[in-house]
Amino acid sequence: MGGSLPILGCFCAGVLLAWLGVVPAAWLEHDLVLPVLWLLMFLVGISIGADRRLGEIVRSLRPQVLLLPLATTVGTFAGTALASLVLAWSLSECLAVGAGFAYYSLSSVFITQYKGAELGTVALLANIMRELLTLLAAPLLVRLCGPLAPISCGGASTMDTTLPTVARYSGREWIFVSIVHAMVLDFSVPFWVLFFCSL
Amino acid sequence: MFVALGLMLLGLLLGRLLRGQGWISLPGRCVSPVILLMLFCLGLSVGGNATLMANLPLLGGQALLLTLAGVAGSLVAVRCIRRWLGSPGLPPKAAKATSQDERTL
């Protein structure tokens, strides 16, 4: 079992090396994350396909699965609403940031457009952090709150960037729950963000 | 996103076709090291982005608070619904049946 420390270590090593400027410039110019992610998705696909329990797992998906994106939405809104009490931003502005559900590209573009670059940057950082937190803390989250925790924490990213991590630490049997969860949230992001920006 | 999902489906198909081959467990065992590699690359792109690094201490604190609050809220909500979502590999009905079988044995 890998644990969160090697994951955090690899990330910090990358930040430090890039910041110190000791890595080849070509590594920074081209986004290396995407091809590695693609390789990862392919590997995860093979390992699910080769799993004899595949059919059983798909058949066991029930409508209750939709409770998970609902819980993520309600929980995220409740948490960010509480945080708005101590921040300079208004309730609706904090909710708009929270409603990105780690979908940072889309939510930060919308928020920059409607609320200005400052809140847009907060939205970008907050939603990148949410994705990062999922990637880094997944083993810890599973140990503390069970296999559903990394899925809920990952928000809308659990069908691409954080899917391999979910498969690895929550277990491959959760992969379809994870995809359904991300699809529901993904479609809801523009709706929620625009709604809170218009308040 | 669609490329990533497409590649996973391709892998899924390939894995299904080659099921039973001895070496088919190898890709699954490569997942953990490749996750580490991806995080290293993500670190490179964060550390190499001067604007992001400069803004990190300024707006990062607020962003971190919002993230932690949102995630904490999600985790509390998940704890509340966990009982209705048994493990998909082992639906509650099957689990109950197994335990009953064990009792009768």
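Chain A is divided into domain 1 (1–30) and domain 2 (34–198), with bounds that come from an automatic or database domain assignment. The C-alpha centres of domain 1 and domain 2 of chain A lie 23 Å apart. The model is predicted, and local features need pLDDT of at least 70, side-chain atom pairs count only at pLDDT 80 or more, and totals for chains, interfaces and linings use all residues. Residues are numbered from 1 along each chain as its sequence is written, while chains are lettered from A and ligands numbered from 1 in the order in which they are written.

Contact between the two chains involves 67 residues of chain B and 80 residues of chain A, two residues being in contact if their C-beta atoms, placed from the backbone, lie within 7 Å. On the side of chain B that touches chain A, helices H1 (2–17), H2 (26–47) and H3 (50–81) of chain B each supply at least two residues; helices are DSSP runs (H or I, at least four residues) numbered from the N terminus. H3(B) gives the most to this side, with 23 residues. By class, the side of chain B that touches chain A has 46 nonpolar, 17 polar and 4 charged residues, where Ala, Val, Leu, Ile, Met, Phe, Trp, Tyr, Cys and Pro count as nonpolar, Asp, Glu, Lys and Arg as charged, and the others, Gly among them, as polar.

In H6(A), 6 of the 8 residues are buried, namely Glu93(A), Cys94(A), Leu95(A), Ala96(A), Val97(A) and Gly98(A). A residue is buried if 20 or more other C-beta atoms lie within 10 Å of its own.

The loop between H6 and H7 of chain A holds Phe101(A) and Ala102(A). Phi of Phe101(A) is near 45 degrees, a positive value in a residue other than glycine. Ala102(A), likewise not a glycine, has a positive phi of about 70 degrees. Phe101(A) is buried, with 32 other C-beta atoms within 10 Å, and Ala102(A) is buried with 29.

The axes of H7 (residues 104–115) and H8 (residues 117–145) of chain A come within 7 Å and cross at roughly 165 degrees. H7(A) is therefore roughly antiparallel to H8(A), a term for angles over 145 degrees. By class, the contact of H7(A) with H8(A) has 7 nonpolar, 5 polar and 1 charged residues.

Technical notes: Axes fitted to C-alpha atoms, helices over the stretch in contact; angles between N-to-C directions. Parallel < 35°, antiparallel > 145°, perpendicular 65-115°, else oblique. Buried ≥ 20, exposed ≤ 12 C-beta atoms within 10 Å, placed from the backbone.
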